[in-house]
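Me: Could you take a close look at the aromatic rings in this one, including any charges that sit over them? Here it is.

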Amino acid sequence: MPAATAVVGTASDDEYAFTARLAIGDEENGRACSGALIATSWVLTAASCFAEDPATGTPPAAGAPPMTTVATIGRADLTTESGQERDVVELVPHESRDLVLARLFGPVPEIEPVEVAAGPPAVGSELVVPGYGRTATEWAPLRRHAGTFVVDSVSGGDIAVTGQDGAAVCAGDTGGPALRLTADGPRLAAVNSRSWQGGCFGSDPAETRTGALEARVDDVAGWIEDVVRREEPEPPPATPAICDPSRCLPDFSGDKKADVVGVDSDGYYLWHFPQAAGNRLGSGQRFGPGWDSWDVVMAADWSGDGTDDVVGVDSDGDLWYYPHQRNDDGVDHFSRRIQIGHGWDVMTTVMAADWTGNGRADMLAVNGAGDLLLYERSGTGSAMERPVRIGHGWDQMRLVAAEDGTRDGRADIFALDGSGKLWLYPHTGSGNGFGTRIEMASGWDDYTTIVAADWSGDGTADIIGRNAGGDLYYHAHWYNSTDGHYFADPVKISQGWGSWLHLA
């Protein structure tokens, strides 16, 4: 049988949101497959999707995928921006079956994963197969659709099925889920592996067989659990956020995922680079020059409108706020700047983050004596309260950043010490104290800049780091009840930032 890839059948919109569409490789030499979100950071699909020649059945090597792969999950209509997109950063193939677990570049907590069936389907029972691949009339359909199949046999790791009422597994859905519908919801019985593709658009008109061979899943549930449990994130425990949850972690473009704001060394312009699909940086928008004399440039939601503004300290030690505006055509700009403080040139570190949880940034700073100072904003304007010392000894830290890392709506502190260890100092949730600090990573000696921001869009601060070579790396902030808070393996997202004066 040739490799299976998509489903001829009826359309479905809101059902089967866990179904993933996988874009593998570039537009000229790429291929499409399907899969199923099996845990918040893992998609189960067919190993043959990643083989150099899918027809050979040779599984891919464990580790990074051989071609750039982007998973789209929870998007019934591919012309919309619903659901989530994530890069695939790791493959864990099964040793003897056409199955592979693909780890995503950050969790997808908004979509409920599908559960594995407790046992094999009975011969004569029906399975539903959703997918995005070809139909009888479309080469590249833009909507998720589904077909019904009857189980012909179960033999070892294979399940043979036949499509009903014109349904067939076609090109575009290798790896798609075959589901048993139960009173408790759909259960994953198998994954599409190979098909005759009878009736699929572009197939041989003489081919009428609608049979397919599925890779059985229920009897490898232990393997799935062992791989996923290795680093499956959970939401960290937290008290309810004080601020509106949709605005606790703002960003410049307003899509609830961090962007990059920086000042170049060629003209000293301020730039905004939005996060693009597949966790890359899109084209930059350039703002005015003259930022070479600034000591600090930060992106933070000073206004409380859910998008980042720019806050900075100039060479005279004055603290300024640039209100971020967007016109009716979607063009970003700044309104007239507002001075909000002076004398900040005595600070060794300056940070803007929402410490109090009211949806608007406060100011945090480390002075020359190593005191960590809080400048709270209790009113609706830009006025700040008198500074309160909330810590001491912070001059021992090489780099310090502030953002919400525990999902309680209040900023925490991330600090990189002289030995290359990265620590999380969690806000206690009341008052101005810290809980027990947590070692998050080590070996970060090469980083010259760290920025705490929610890159993945899951409501928890991640870390973007710039190394001495000018490369930018993303460290996903994960949590599980066994290991607590920790960072996933770093992923390079850009390069060539070594000469930039400021990054935020």
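Reply: Over the ring of Trp423 sits the charged end of Arg437, 3.5 Å from the ring's centre. Tyr269 has a charge over its face too: Arg286, at 3.7 Å from the ring centre. For a charge to sit over a ring, NZ of Lys or CZ of Arg has to be within 6 Å of the ring centre and within 35 degrees of the ring normal.

Bear in mind that this is a predicted model, where local features need pLDDT of at least 70, side-chain atom pairs count only at pLDDT 80 or more, and totals for chains, interfaces and linings use all residues. Residues are numbered from 1 along each chain as its sequence is written, and side-chain values use heavy atoms, with hydrogens and water left out.

Now for rings against rings. Searching the whole structure turns up 20 aromatic pairs; rings of Phe, Tyr and Trp (its six-membered ring) pair if their centres lie within 6.5 Å, with planes under 30 degrees apart called stacked, over 60 edge-to-face and the rest tilted. Trp271 and Phe273 are stacked, because their planes are at 20°, with the centres 5.8 Å apart. Phe273 is buried, at 14% relative accessible area (buried is under 20%, exposed over 50%, partly exposed in between, using a 1.4 Å probe and protein chains only).

Trp394 and Phe434 make a tilted pair, with centres 6.0 Å apart and planes at 45°. That pair links distant parts of the chain, 40 residues apart. Trp394 is buried at 6%, while Phe434 is partly exposed at 22%.

There's a cluster as well: ring pairs link Phe287, Trp291, Trp294, Tyr322 and Phe334.

Notes
Helices (H or I, at least four residues) and strands (E, at least two) are DSSP runs, numbered from the N terminus.
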